[in-house]
Amino acid sequence: MNMILIGAQGSGKGTQAQALARELHLQPTASGDLLREAIASETPLGRAAKPYVERGDLVPDTLVVEMILDSIRSLNGAQGIILDGFPRNIAQAETLDARLLELGQAIDAVVYLDVPREQLLDRLNGRYICRAHGHVWNMKTHPPTVAGVCDYDGSDLYQRSDDQPDKIAHRLDIFFNETIHLLEYYGPQGKLIRVDGTGSIEDVHRAIRAGLDRLERLAPLKGALAPVPPQTVSLQEIAG
Ligand code: AMP
């Protein structure tokens, strides 16, 4: 099964993608993480993408699409892929569909995490990330026990350079003006699961799984859906 998580920055899609990837044996692929890695390693892609990422603009489709396709081609024993942050516009979605078709694959499910803009602003303004494993903390809504230190692995917390107020507003504008139109693309295909993303990590996760079960009843998804694990506390630790 191949699935996409659509959600604005701060909607919690990274956290949910990690959890779903583990349960459903899917390879998590976060375009933002891949781009940040490429920038840190100063690869040709990283050098080309850096000014766009720093401004909070979308990186040109041609660069991002090839990066994602490389990741899809190198599935390491996973039963499919879970895309987080890609596609970001309809052109990317169309290219993805065409290229997946060439590989004999398709997108089976698309989850939209719906969180109002005001709440996203609150989450992003206080967002800090752990340097070792990308656990996400929030100074207002989900603070670590010791300020500046990750509870899970003791590493220091940092704020992403594009999590500054002006860049946050710009990135959210792009999401609500451009990326949101993906709902019109995937909705009529019967693959879209809309989930209220304002609840707890566990509630959102359960709602996604219920949506996937509904889709499965309508048309069997490729690869079995594992049952929801009884203890969900570890979800808190899966953040990114
Ligand atoms: P994210 O971590 O998903 O918020 O992405 C961080 C930044 O990477 C974005 O603000 C864009 O500059 C770039 N980026 C990530 N995914 C894409 C994409 N699918 N298309 C274009 N740019 C992207």
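A: Start with burial: a residue is buried under 20% relative accessible area, exposed over 50% and partly exposed in between, with a 1.4 Å probe and protein chains only. The model is predicted: local features need pLDDT of at least 70, side-chain atom pairs count only at pLDDT 80 or more, and totals for chains, interfaces and linings use all residues. Residues are numbered from 1 along each chain as its sequence is written, and side-chain values use heavy atoms, leaving out hydrogens and water.

Now the rings. A pair of aromatic rings is described by the distance of the centres and the angle of the planes. Rings of Phe, Tyr and Trp (its six-membered ring) pair if their centres lie within 6.5 Å; planes under 30 degrees apart are stacked, over 60 edge-to-face, and the rest tilted. Searching the whole structure gives four aromatic pairs. One of them joins Tyr112 and Phe175: the centres are 6.5 Å apart and the planes at 15 degrees, so this pair is stacked. Tyr112 sits in strand β4 (residues 109-114) and Phe175 in helix α7 (residues 165-177), so the pair links distant parts of the chain, 63 residues apart. Helices (H or I, at least four residues) and strands (E, at least two) are DSSP runs, numbered from the N terminus.

Tyr112 has a relative accessible area of 3%, so it is buried. Phe175 is also buried, at 3% relative accessibility. Ring pairs join Tyr112, Phe175 and Phe176 in a cluster.

Another aromatic pair is Tyr185 with Tyr186. It is edge-to-face, at 4.9 Å centre to centre with 85 degrees between the planes. Both Tyr185 and Tyr186 are buried.
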